[in-house]
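Please read it with the model open beside you.

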Amino acid sequence: MAYKYFPQTEEDIREMLAKIGAGSLDDLYAEVPDEIRYKGEYRLPDAMSEVEVRQFIGKLAQNNKQLVCFAGAGIYDHYTPSAIPSLIARSEFLTSYTPYQAEISQGTLHYIFEYQSMMSELTGMEISNASMYDGTTATAEAVLMANASSKKSNRVLVSETLDPKTRSVVDTYAHYHGVELVTIPAQDGVTSRQALASLVDEAPVAGVVVQQPNRYGIIEDFTGMADLCHDHKALFIINSIATDLALLKTPGEWGADIAVGDGQSLGIPMTYGGPSVGYMCCTEKMMRKMPGRIVGKTTDHDGRRAFVLTLQAREQHIRRQKATSNICSNESLMALFVTIYMSLMGKEGLKEAAQLSYDAAHYLYDNLLKSDSFSPTFDQPFFNEFCIDYKGDVDQLLNRLEANGILGGIKIGDHTIMMAVTEKRTKEEVDLLISLCHEQ
């Protein structure tokens, strides 16, 4: 073989070409214009020893600029207990995907069961599935659940305060499933109650989607919203950042039918935006419409504890055209990641991390406002993320912070910055950010 790592032999290639009526690889690519075909030699480096490869990669890594992160908008710099990478690197976990031959995958089923139990408790909901890809697609799947559950409407209301990244994914799902999305306007950074009441009155609605904390970091008051939705036969869907639920009122307490969101905040490193894990929890009434799998606990014929796939929508496999969703797998490894995280942190640890994040964010916000250069964007309560207006050049300020080793937030308007603080940020780091922001 010319290239020993290619899986096809020369004979394999000849057979495949003959099957499609091509005499050579050049014939296969005959449709590609000759002028854009590369004919030179590839610039591949010479072979290296292991030591040389490590040295080469190490030099490349030195070009990375490590910044102290005060940015959020859906991905947050939370602490990862050192035990987690070691545990999930075990071969029986790292190679696991999804339990097709379920009952022999007792280890995988066990930790999925624990994941479901913890997520149900964290969200205050009755049922959790075996994890989703991320918070954006979980929200889109919830919209499809609402649409499938409604017999009178394909109309779903989405708050303007939903994260734009999530909204774009929901838009894509809705477009190809015939769901009509209507935006609920925001007023002073929160979902307009008056607009919501008008929209549910003017035409039948399948579901209503809101976010907590919302895209601006604001903690919204959803009192009465579930009743309003249910009075109009609509499902109430809440998207939440998982770790914030350790202190905030849960979706279950708000009367939600479906709770969705991203679990990245449960100790998963930012890693340039992924991988993450989405969660989906719901009331028992909605269980049959939920995508993915549900793992349950039982006993075997000898009376020993055993874990089984309790429920999965048969339409996903047999009658795909009638399925609410065609998701058949789960983010198993990342579900294990957050399960270990929650086990190690415990209830009090989760609360403490959330409280530290909250306190540090308010300390930063209050001290920035001591300068005439800053003013509040909204007069609303927030958790660990907030928007603030800057009277100067926002780009210039963020560049100055970056030059001093700080990722100072995200520009979301001509004069508006959104900043996030987690339990990892020290007082010294926060004070440095404050002093740099106060410089003229």
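The points below go from the basis of the model to the whole chain and then to one strand and its neighbours.

1. This is a predicted model, in which local features need pLDDT of at least 70 and side-chain atom pairs count only at pLDDT 80 or more, while totals for chains, interfaces and linings use all residues. Residues are numbered from 1 along each chain as its sequence is written, and side-chain values use heavy atoms, with hydrogens and water left out.

2. The chain holds 14 helices and 17 strands, where helices (H or I, at least four residues) and strands (E, at least two) are DSSP runs numbered from the N terminus. Of its 440 residues, 48% are buried, a term that stands for under 20% relative accessible area with a 1.4 Å probe, counting protein chains only.

3. Strand β3, residues 155–159, is mostly covered, with five of its five residues buried. Arg155, Leu157 and Ser159 point one way from β3, whereas Val156 and Val158 point the other way.

4. Strand β4, residues 180–184, pairs with β3 in the parallel sense over five bridges (pairing requires at least two DSSP bridges between two strands), and Glu180 in β4 is the bridge partner of Arg155. Strand β7, residues 207–212, also runs parallel to β3, joined to it by three bridges, and here Gly207 is the bridge partner of Val156.

5. Together with helix α8, residues 164–177, strands β3 and β4 make a right-handed β-α-β unit; right-handed says that, with the strands pointing away from the viewer, the path from the first strand over the helix to the second runs clockwise.

Definitions and conventions: Buried < 20%, exposed > 50% of the residue type's maximum accessible area, 1.4 Å probe, protein only.
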